[in-house]
Amino acid sequence: MDLGIKGKRALVCAGSKGLGRGCAEALAAAGVDLVLNARGAEALEATAAAIRAAHGVTVTTVAADITTEAGRAEVLKAAGAVDILVTNAGGPPPGVWSDWTRDDFIKALDANMLTPIALMTALLPGMIEAGWGRVINITSQSVKAPIAQLGLSNAARTGLTGYVAGTARQVAPQGVTINNLLPGIHDTDRATALDAGVMKAEGISADEARARRAATIPARRYGTAAEFGAACAFLCSVHAGFIVGQNILLDGGATNATI
């Protein structure tokens, strides 16, 4: 399928690894030029080189912490006007309710709610003026069904979801869509870190921790960054203009819900 976005320009945050890279790869395969951001310069440059070689698109790199005001300013200056925005930032650490202080919540809100909002605030006006734009926020399956040990993430990402619900409907008349992708467990560094916590707590091997988690997923496996990226690219395509303000689960059926 021709996604109809060849020659568009996208900013992909946290795009050197994992789900962000999956999105960047899929957009590049559709002919989209990229502004790629991540904190680690070495991994970022390696990813950019691989994408250029594979897809022949322009890739501009900005090594900066997108969750800080200074980092966002640097990224936005390099990005200029973009047609597509993919927001993404690593999730807060797991724990239990008694572990978290106000500072922990503020840090989670800054990274997983206020940073995407700041990026949208900066870039939506240009999309509206152009009469076309796509925003994809990578959130979490926890906004549909909370994960107790990820309370910081539950809170911050649910707040972003509420913001998007209203904002998406305000900008849709101008040809701009905003949607959220809600990943379950994918084969990324985040999954490895969560499995390591189970290993430590229960004294089991990495393979056993992974097998236990996979057994809770109806698809009986972890997702891949490539299939996540394909979903992102479709939502960014010309075919997805009637999909507005939605929260789309990519979790292998793990969220047990009728709607």
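Start with Ile138, which stands opposite Leu181 in strand S6. This is a predicted model, in which local features need pLDDT of at least 70 and side-chain atom pairs count only at pLDDT 80 or more, while totals for chains, interfaces and linings use all residues. Residues are numbered from 1 along each chain as its sequence is written, and side-chain values use heavy atoms, with hydrogens and water left out.

Back to that pair of strands. Strand S5 covers residues 133-138 and strand S6 covers residues 176-183, and six bridges pair them in the parallel sense. Two strands count as paired if DSSP finds at least two bridges between them. Helices (H or I, at least four residues) and strands (E, at least two) are DSSP runs, numbered from the N terminus. Arg134 also has a residue of S6 opposite, namely Thr177.

On its other pairing, S6 runs parallel to S7, joined by four bridges. There, Asn180 has Asn247 in S7 as its bridge partner.

How many residues of S6 are buried? Eight of the eight, so the strand is largely enclosed by the rest of the structure. Buried means under 20% relative accessible area, exposed means over 50%, and partly exposed is in between, with a 1.4 Å probe and protein chains only. In a regular strand, side chains alternate between the two faces of the sheet. In S6, Val176, Ile178, Asn180 and Leu182 point one way, Thr177, Asn179, Leu181 and Pro183 point the other way, and all are buried.

Next, charges. A search of the whole structure finds six salt bridges, each a side-chain nitrogen of Lys or Arg within 4 Å of a carboxyl oxygen of Asp or Glu.

One of them joins Arg210 and Asp187, at 3.2 Å, N to O. This pair links distant parts of the chain, 23 residues apart: Arg210 is in helix H7 (residues 206-215), and Asp187 is in the loop between S6 and helix H6 (189-202). Arg210 is partly exposed at 34% relative accessibility, and Asp187 is partly exposed at 44%.

Another joins Glu208 and Arg212, at 3.1 Å, N to O. Why are these two separated by about one helical turn? Because they are four residues apart in helix H7.

Last, Glu227 and Arg221 meet in a salt bridge at 2.9 Å, N to O. Glu227 is partly exposed at 33%, as is Arg221 at 42%. Elsewhere, salt bridges that share partners join Glu202, Glu208 and Arg212 into one network.
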